[in-house]
Amino acid sequence: MRAHRAFRQIAMLLAKKGFHVLRFDYRGTGDSSCDMEDVKADDWLADIDIAIEELKDMAGVEEIALIGLRLGGLLAATVSTRRQDVCSLVVWDSINSGKEYENELRDEINNRDEVVDLDQDNFIDADGVIHFNGFPLTPHFLAGLGSL
(Lines give C-alpha, C1' and ligand atoms only; values in the text may rest on other atoms or scores of the structure.)
Protein backbone atom coordinates (compact mmCIF):
# COMPACT_ATOMS: atom_id res chain seq x y z
CA MET A 1 0.00 0.00 0.00
CA ARG A 2 2.76 2.42 0.93
CA ALA A 3 5.04 1.32 -1.90
CA HIS A 4 2.57 1.70 -4.77
CA ARG A 5 4.20 4.85 -6.09
CA ALA A 6 7.72 3.42 -5.83
CA PHE A 7 6.76 0.27 -7.73
CA ARG A 8 4.94 2.32 -10.35
CA GLN A 9 8.09 4.40 -10.85
CA ILE A 10 10.29 1.30 -11.05
CA ALA A 11 7.94 -0.23 -13.62
CA MET A 12 7.94 2.93 -15.74
CA LEU A 13 11.74 3.23 -15.63
CA LEU A 14 12.22 -0.42 -16.55
CA ALA A 15 9.71 -0.10 -19.40
CA LYS A 16 11.57 2.97 -20.71
CA LYS A 17 14.73 0.83 -20.75
CA GLY A 18 12.96 -1.72 -22.93
CA PHE A 19 11.99 -4.31 -20.32
CA HIS A 20 8.56 -5.91 -20.38
CA VAL A 21 6.91 -5.18 -17.03
CA LEU A 22 3.82 -6.53 -15.30
CA ARG A 23 2.59 -5.25 -11.94
CA PHE A 24 -0.30 -7.03 -10.29
CA ASP A 25 -2.35 -7.09 -7.09
CA TYR A 26 -2.45 -10.28 -5.03
CA ARG A 27 -5.88 -11.86 -4.51
CA GLY A 28 -7.86 -9.96 -1.93
CA THR A 29 -5.80 -6.76 -2.33
CA GLY A 30 -5.94 -3.66 -4.52
CA ASP A 31 -7.96 -4.12 -7.69
CA SER A 32 -7.93 -7.93 -7.59
CA SER A 33 -10.92 -10.15 -7.06
CA CYS A 34 -11.73 -12.17 -3.94
CA ASP A 35 -12.16 -11.19 -0.32
CA MET A 36 -9.01 -11.33 1.76
CA GLU A 37 -10.85 -13.49 4.33
CA ASP A 38 -11.00 -16.27 1.69
CA VAL A 39 -7.34 -16.09 0.64
CA LYS A 40 -4.58 -18.50 1.61
CA ALA A 41 -0.86 -17.77 1.38
CA ASP A 42 -0.58 -20.42 -1.36
CA ASP A 43 -3.01 -18.32 -3.42
CA TRP A 44 -0.47 -15.48 -3.44
CA LEU A 45 2.26 -17.86 -4.59
CA ALA A 46 -0.09 -19.02 -7.34
CA ASP A 47 -0.75 -15.37 -8.26
CA ILE A 48 2.97 -14.90 -8.90
CA ASP A 49 3.01 -18.05 -11.06
CA ILE A 50 0.02 -16.76 -13.03
CA ALA A 51 1.65 -13.34 -13.48
CA ILE A 52 4.87 -14.98 -14.72
CA GLU A 53 3.00 -17.06 -17.29
CA GLU A 54 0.94 -14.04 -18.39
CA LEU A 55 4.02 -11.86 -18.91
CA LYS A 56 5.88 -14.64 -20.73
CA ASP A 57 2.88 -15.12 -23.02
CA MET A 58 2.26 -11.40 -23.63
CA ALA A 59 5.90 -10.43 -24.13
CA GLY A 60 7.12 -13.59 -25.81
CA VAL A 61 10.00 -14.03 -23.36
CA GLU A 62 11.39 -17.19 -21.81
CA GLU A 63 12.94 -15.80 -18.62
CA ILE A 64 11.57 -13.50 -15.95
CA ALA A 65 13.06 -11.31 -13.22
CA LEU A 66 11.04 -10.83 -10.04
CA ILE A 67 11.07 -7.83 -7.71
CA GLY A 68 9.51 -8.08 -4.26
CA LEU A 69 9.23 -5.79 -1.25
CA ARG A 70 8.96 -7.09 2.34
CA LEU A 71 6.46 -9.99 2.25
CA GLY A 72 6.54 -9.84 -1.55
CA GLY A 73 10.27 -10.51 -1.37
CA LEU A 74 9.69 -13.72 0.60
CA LEU A 75 6.93 -14.78 -1.81
CA ALA A 76 9.06 -14.00 -4.89
CA ALA A 77 12.03 -15.88 -3.42
CA THR A 78 9.81 -18.88 -2.65
CA VAL A 79 8.45 -18.98 -6.20
CA SER A 80 11.91 -18.49 -7.73
CA THR A 81 13.28 -21.59 -5.99
CA ARG A 82 10.80 -23.87 -7.75
CA ARG A 83 10.90 -22.39 -11.24
CA GLN A 84 13.55 -22.62 -13.95
CA ASP A 85 12.39 -19.49 -15.80
CA VAL A 86 13.22 -16.96 -13.05
CA CYS A 87 16.64 -15.63 -14.02
CA SER A 88 16.91 -12.76 -11.52
CA LEU A 89 15.46 -11.92 -8.14
CA VAL A 90 15.48 -8.49 -6.50
CA VAL A 91 14.26 -8.32 -2.92
CA TRP A 92 13.82 -5.04 -1.10
CA ASP A 93 13.76 -5.09 2.71
CA SER A 94 12.61 -8.70 2.47
CA ILE A 95 11.57 -10.69 5.48
CA ASN A 96 13.18 -14.07 6.09
CA SER A 97 10.12 -16.11 7.03
CA GLY A 98 6.37 -15.92 7.26
CA LYS A 99 6.53 -16.63 10.98
CA GLU A 100 8.96 -13.72 11.41
CA TYR A 101 6.48 -11.45 9.60
CA GLU A 102 3.57 -12.58 11.80
CA ASN A 103 5.66 -12.02 14.93
CA GLU A 104 6.64 -8.56 13.67
CA LEU A 105 2.96 -7.66 13.13
CA ARG A 106 1.98 -8.96 16.55
CA ASP A 107 4.82 -7.05 18.21
CA GLU A 108 3.78 -3.84 16.46
CA ILE A 109 0.17 -4.30 17.53
CA ASN A 110 1.12 -5.19 21.11
CA ASN A 111 3.37 -2.14 21.36
CA ARG A 112 0.95 0.25 19.68
CA ASP A 113 0.93 2.66 22.62
CA GLU A 114 4.69 3.10 22.19
CA VAL A 115 4.58 3.65 18.44
CA VAL A 116 3.92 7.08 17.00
CA ASP A 117 1.55 7.35 14.00
CA LEU A 118 0.31 3.76 14.23
CA ASP A 119 -2.99 3.20 12.43
CA GLN A 120 -5.96 2.65 14.72
CA ASP A 121 -7.08 -0.17 12.40
CA ASN A 122 -4.41 -2.52 13.75
CA PHE A 123 -5.71 -5.18 16.14
CA ILE A 124 -6.30 -8.89 16.66
CA ASP A 125 -9.92 -9.94 16.93
CA ALA A 126 -11.47 -12.82 18.92
CA ASP A 127 -11.19 -15.18 15.92
CA GLY A 128 -7.42 -14.64 15.75
CA VAL A 129 -7.65 -12.47 12.63
CA ILE A 130 -4.92 -9.84 12.53
CA HIS A 131 -6.28 -6.60 11.07
CA PHE A 132 -3.30 -4.68 9.79
CA ASN A 133 -3.48 -1.56 7.61
CA GLY A 134 -6.96 -2.51 6.47
CA PHE A 135 -6.10 -6.13 5.58
CA PRO A 136 -7.56 -9.03 7.58
CA LEU A 137 -4.96 -11.79 7.91
CA THR A 138 -6.88 -14.92 8.93
CA PRO A 139 -5.42 -17.82 10.92
CA HIS A 140 -5.47 -20.05 7.79
CA PHE A 141 -3.60 -17.37 5.82
CA LEU A 142 -1.06 -16.98 8.64
CA ALA A 143 -0.61 -20.75 8.95
CA GLY A 144 0.32 -21.00 5.28
CA LEU A 145 2.54 -17.97 5.59
CA GLY A 146 4.24 -19.52 8.61
CA SER A 147 5.41 -22.44 6.50
CA LEU A 148 7.44 -20.12 4.22
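Analyst: Happy to! Thr78 counts as buried because its relative accessibility is 18%, where buried means under 20% relative accessible area, exposed over 50% and partly exposed in between, with a 1.4 Å probe on protein chains only. Thr78 sits in helix H3 and, neighbours within four places in sequence aside, is in contact with Leu45 and Leu148; contact means heavy atoms within 4.5 Å.

A word on the basis: this is a predicted model, where local features need pLDDT of at least 70, side-chain atom pairs count only at pLDDT 80 or more, and totals for chains, interfaces and linings use all residues. Residues are numbered from 1 along each chain as its sequence is written, and side-chain values use heavy atoms, leaving out hydrogens and water.

Now to helix H4, residues 98-110. Helices (H or I, at least four residues) and strands (E, at least two) are DSSP runs, numbered from the N terminus. The 13 residues of H4 reach 18 Å from first C-alpha to last, close to the 18 Å expected at 1.5 Å a residue, that is, 1.5 Å times one less than the number of residues. Gly98, Tyr101, Glu102, Leu105 and Ile109 are buried in H4. Seen down the axis, these buried residues fall within an arc of 100°, so they line one face of the helix; the arc is taken over directions from the helix axis to the C-beta atoms. Their cover includes helix H3 (71-81) and helix H5 (139-146), along with strands E3 (123-124), E4 (130-132) and E5 (135-137).

In the pairing with H5, Gly98, Lys99, Tyr101, Glu102 and Arg106 of H4 meet Leu142, Leu145 and Gly146 of H5.
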